[in-house]
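Reader: I'd like to learn how to read a protein structure. Could we go through one together?

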Amino acid sequence: MLPIKLTCIGFGHMSGAVVRAAVARGVLFPQNVTVSSPSINAGIKTTEFNQALDNVTALKHADVLLLGAKPKDMPSVCDEIAPHIKNLAEKPLILSIAAGFNVAPYFKKTSVVSVMPNMGVSVNEGFTACFPYQPLNAAHQAIVTNIFGSTGAVEWVDTEEAFRLYTALTGSGPGLVFRLMSSAIKAAEAHGIEHEKARHAVVKTFLASAQMADETQLDMDILMGKIASKGGTTQAGIDCLDRGGIDAAYHKAIDAAFKRAIELGSPDISSGDPAIKKHEGGIESSRFFSSSDKKNSISHLTEKPSCGV
């Protein structure tokens, strides 16, 4: 386990799923996790972790600070805690999962990483993109990779633009996939299949297809070729999708989500702030972190953390 103290300000579904997975997989000690959340502090929700009375008090327990407040609340949260972090002799590593909001300008001379986990973290099949606003040392990168690697795959990027693209591709991606699944269900219903039976068939089909693509690592065209035969039913369906412009439609969907991600973070990109530009050696490794790497990367941390995780 990581001998660090992690504090969460805001503890919604996403941050809760990440922290609980990290604890369950032995990455964090539960007694080293402290939570500050309006709903928990007000007694509306409960938590199995240490509870701080307020955000400022919570900072006293933080080697790593995970900002999980809603994007609309993040400016006020940052305004509240930034002066206190500035005065800390040892500043925490700050991780933000607030989509479209750059917290880095609030925390000068502090290591800040924007992270974009998707909803797959709730079933330990997530994908998390990470962008450091300042160069990270190997130990900090390993900490982030191991915490979010508890929920699935982690990808490090070195530009703000790439991070926004992953926001569209993987952050919004599950919603787009659900939209495709909805179309398949409706098509089945149009031919007389009951909704629940259609839903079950579609979910299992998408699940098996994704698992096959993940396990074989084959190109999608090759996988399609293993199913489709010339003049067969699958090829007829694929041809129809192609004639209907499925590539163009999906490209437009990703472009629209990407554009919106840029709009939400427009102050970061349009300001010319050098912090968002590609930094040489900003991260010491950007290789893909898959679930098969988890055991080895965690064991590395018990010795000297390296970025080879």
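Reader: Let's start with two helices: is the crossing of α7 and α8 right-handed or left-handed?

Author: A crossing is left-handed if the near helix is turned anticlockwise from the far one by less than a right angle, and right-handed if clockwise. Here, α7 and α8 make a right-handed crossing. Before we go on, this is a predicted model, where local features need pLDDT of at least 70, side-chain atom pairs count only at pLDDT 80 or more, and totals for chains, interfaces and linings use all residues. Residues are numbered from 1 along each chain as its sequence is written, and side-chain values use heavy atoms, with hydrogens and water left out.

Reader: At what angle do the axes of α7 and α8 cross?

Author: Two packed helices are described by the angle between their axes and the distance between the axes. Axes are lines fitted to C-alpha atoms, for helices over the stretch in contact, and angles run from 0 to 180 degrees between N-to-C directions. For α7 and α8 the angle is roughly 135°, and the axes come within 9 Å. So α7 is oblique to α8; angles under 35 degrees count as roughly parallel, over 145 as roughly antiparallel, 65 to 115 as roughly perpendicular and the rest as oblique.

Reader: Which residues make the contact of α7 with α8?

Author: Contact means heavy atoms within 4.5 Å. From α7 come Val177, Leu180, Met181, Ala184, Ile185, Ala188 and Glu189, and from α8 come His195, Ala198, Arg199, Val202, Val203 and Phe206. Sorted by class, that contact has ten nonpolar, one polar and two charged residues. (Ala, Val, Leu, Ile, Met, Phe, Trp, Tyr, Cys and Pro count as nonpolar, Asp, Glu, Lys and Arg as charged, and the others, Gly among them, as polar.)

Reader: Now another pair: how far apart are the axes of α6 and α11?

Author: Those axes are 8 Å apart, with α6 (residues 160-171) and α11 (residues 246-264) packing at about 130°. That angle makes α6 oblique to α11, and α6 passes α11 in a right-handed crossing. On the α6 side you'll find Glu161, Arg164, Leu165, Thr167, Ala168 and Leu169, meeting Ile254, Ala257, Phe258, Ala261 and Ile262 in α11. Their classes are eight nonpolar, one polar and two charged.

Reader: How many helices and strands are there in the chain?

Author: Helices (H or I, at least four residues) and strands (E, at least two) are DSSP runs, numbered from the N terminus. The chain has 13 helices and eight strands.

Reader: Is Thr7 buried or exposed?

Author: Buried means under 20% relative accessible area, exposed over 50%, partly exposed in between (1.4 Å probe, protein chains only). Thr7, in strand β1 (residues 6-9), is buried because its relative accessible area is 0%. Leaving aside neighbours within four places in sequence, Thr7 touches Thr34, Ala58, His61, Ala62, Val64, Leu65 and Leu66. Across the chain, 43% of the 309 residues are buried.

Reader: Where is Asn124 found?

Author: Look in the loop between β6 (112-117) and β7 (126-132). Asn124 isn't a glycine, yet has a positive phi of about 60°. With 30% relative accessibility, Asn124 counts as partly exposed.
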